[in-house]
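Hello,

The structure is pasted below for your files. My notes on it follow.

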Amino acid sequence: MWLAPVLFLHHWLATLLYSAVFFLYYERIIFTEEEFLAKKFGDAYQNWSAKTPLLFPLRWRWVKPELPFSWKTVLRREYHGLLELIVSMTAVEFITDFIVQQRVVFDLFWIVLCTAGVVFYLTIRAAAKWTTLLIVEGRS
């Protein structure tokens, strides 16, 4: 999700540098998590990881999940990231407008989008914390 604001800059070097740093950073996270999971789950993890691709899914290895897709689960788990994406892209737009035009520019589209994002975030957060609307049976 952080690649979107970088792409928004329309600068190939920024995209290249971000991608390189991301993959170096992410490779370290993967290595650390794999060590932890191997210690915690032993052979069960080794068997699972032997048939699960590291980064990109393999279509011919796809197995239908036991539970159907759930928008409620997505909303409950991903509302933070959506707000982060909206706010970061709004900030990039604001900063680039300031740099290019040498003045503060308030673009109505970005103000409305950011406001709607915050309202959506607060609504979903309240629903997730204080109601059972986003709970799907069989999922954690």
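**Helix α4 against helix α5**

The axes of helix α4 (residues 71-101) and helix α5 (residues 108-130) come within 9 Å of each other, and they cross at roughly 160°. Because an angle over 145 degrees counts as roughly antiparallel, α4 is roughly antiparallel to α5. The crossing of α4 past α5 is left-handed.

On the α4 side, the contact is made by L75, R76, Y79, H80, L82, L83, I86, V87, M89, T90 and E93. Their counterparts in α5 are W110, L113, C114, G117, V118, F120, Y121, I124, R125 and A128. By type, the residues of this contact are 15 nonpolar, 3 polar and 3 charged.

**G81**

G81 also sits in helix α4. Is G81 buried or exposed? Its relative accessible area is 12%, and because buried means under 20%, G81 counts as buried. Q46 is 35 residues from G81 in sequence. In space, the C-alpha atoms of G81 and Q46 are 30 Å apart.

**Confidence**

Please keep in mind that this is a predicted model. The protein chain has an average pLDDT of 91, and 100% of the residues score at least 70. Among the elements of the chain, α5 has the highest mean pLDDT, at 96. The lowest mean, 83, belongs to helix α1 (residues 3-8).

Regards

Terms used. Residues numbered from 1 in each chain as written. Predicted model: local features only at pLDDT ≥ 70, side-chain atom pairs only at ≥ 80, totals over all residues. Heavy atoms only, no water. Axes fitted to C-alpha atoms, helices over the stretch in contact; angles between N-to-C directions. Helix = DSSP H or I, 4+ residues; strand = E, 2+ residues; numbered from the N terminus. Parallel < 35°, antiparallel > 145°, perpendicular 65-115°, else oblique. Left-handed = near helix turned anticlockwise from the far one by under 90°. Contact = heavy atoms within 4.5 Å. Nonpolar A, V, L, I, M, F, W, Y, C, P; charged D, E, K, R; others polar. pLDDT = per-residue confidence, 0-100. Buried < 20%, exposed > 50% of the residue type's maximum accessible area, 1.4 Å probe, protein only.
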